[in-house]
Amino acid sequence: MPELPEVETTVRGLRPVLEGRRIASLELRREDLRRPFPPDLRQRMTGARVIGLGRRAKYGLVETDRGDTLIFHLGMSGHWRLDPSEIGKHDHVVIETEEGRRLALNDHRRFGSVDVARTDEIDAYSPFVRMGPEPLGEAFDGAQLAGVLAGRSAPIKALLLDQRTVAGLGNIYVCDALNLAGIAPGRAGGRIGRARLDRLVEAVKAVLHAAIAAGGSSLRDYVQPDGELGYFSSEWRVYGREGLPCPRCAAVIRRRVDSGRSTFYCPKCQR
Ligand SMILES: [Zn+2]
């Protein structure tokens, strides 16, 4: 399942193909993914020039010179294919640029989405309305986090996964950031001191930057035809590493299941 670093890598991979380019056609090969495509999506994108690409949480943003932004989410299995030699049955959206480059959004499980919003009203796009700050942005810092967590007795892990605390963090990077910061996933959010929150913010940024760097180094594969954007293998600190040594103290990493989700942590150095 694509997490924030994969979406960031996807956006970086799409940029050279789309930025500054005119969209010659946008083909919708079915009516919906997770929800119906906007009825005017094709008309609003066809002939528009892409003036910028970006990301908000786990959504990719494609901004056009008409004041519209296409907003895509990769769901569980979505990825863009660059210049596919043929279009397959799981390629649900196909964009062709004026230069003849083709991009296909392939999503066999169809939990992804494609929407369009006015760029100047994008904060009102419903998934963004109550979203917290970007984890890699300056607004996410120890002071902001201390404010959100004050008085909260819920476990820090659950609070970090809550998109109102910080946007776009998934299970993998929350587990790894808590390990890097030496904080136990079950600790009450409101009972973590400010110095440790500062370390936690730094840890969140560090694990995301490391994963994006790993994705960036795999980007060169995508210049090949049929390249698939968005998936790469990354070395995690504790996630998926039950029974292996903790990178901080070499104690054995444990896994526990809370409300259906795995938590990987070190019982010795995370407090
Ligand atoms: Zn440890």
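Is C246 buried or exposed? In this predicted model, C246 is buried, with a relative accessible area of 4%, where buried denotes under 20% relative accessible area, exposed over 50%, and partly exposed in between (1.4 Å probe, protein chains only). Residues are numbered from 1 along each chain as its sequence is written, and side-chain values use heavy atoms, with hydrogens and water left out. As the model is predicted, local features need pLDDT of at least 70 and side-chain atom pairs count only at pLDDT 80 or more, while totals for chains, interfaces and linings use all residues.

C246 (SG) coordinates the zinc ion together with C249 (SG), C266 (SG) and C269 (SG), at 2.2 to 2.3 Å. Donors are N, O and S atoms within 2.8 Å of the metal (3.2 Å for Na, K and Ca); water is not among the atoms, so sites may look incomplete. Along the chain, the donors of the zinc ion follow the spacing C-x2-C-x16-C-x2-C. The angles among the four donor atoms are 98 to 115°, and the site is tetrahedral, a label given to four donors if all angles lie between 85 and 135 degrees. The ideal angle for four tetrahedral donors is 109.5 degrees.

The protein has six helices and 11 strands, defined as DSSP runs (helices H or I, at least four residues; strands E, at least two) and numbered from the N terminus. An open sheet of four strands has the order β2-β3-β4-β8, with antiparallel pairing; two strands pair if DSSP finds at least two bridges between them. Its edge strands, β2 (50-56) and β8 (113-118), each pair on one side only. From one strand to the next, the twist averages 20°. Strands β3 (residues 59-64) and β4 (residues 68-73) run antiparallel and are joined by five bridges; V62 has L70 in β4 as its bridge partner. Helix α1 (residues 4-18) lies across β2, β3 and β4 and runs at about 175° to β2. Axes are lines fitted to C-alpha atoms, for helices over the stretch in contact, with angles from 0 to 180 degrees between N-to-C directions.

Buried residues make up 51% of the 271 residues. Of the contacts (heavy atoms within 4.5 Å) with a separation of 6 or more, 65% are between residues 24 or more positions apart.

Technical notes: Tetrahedral: all angles 85-135°; square planar, octahedral: opposite > 155°, others 65-115°.
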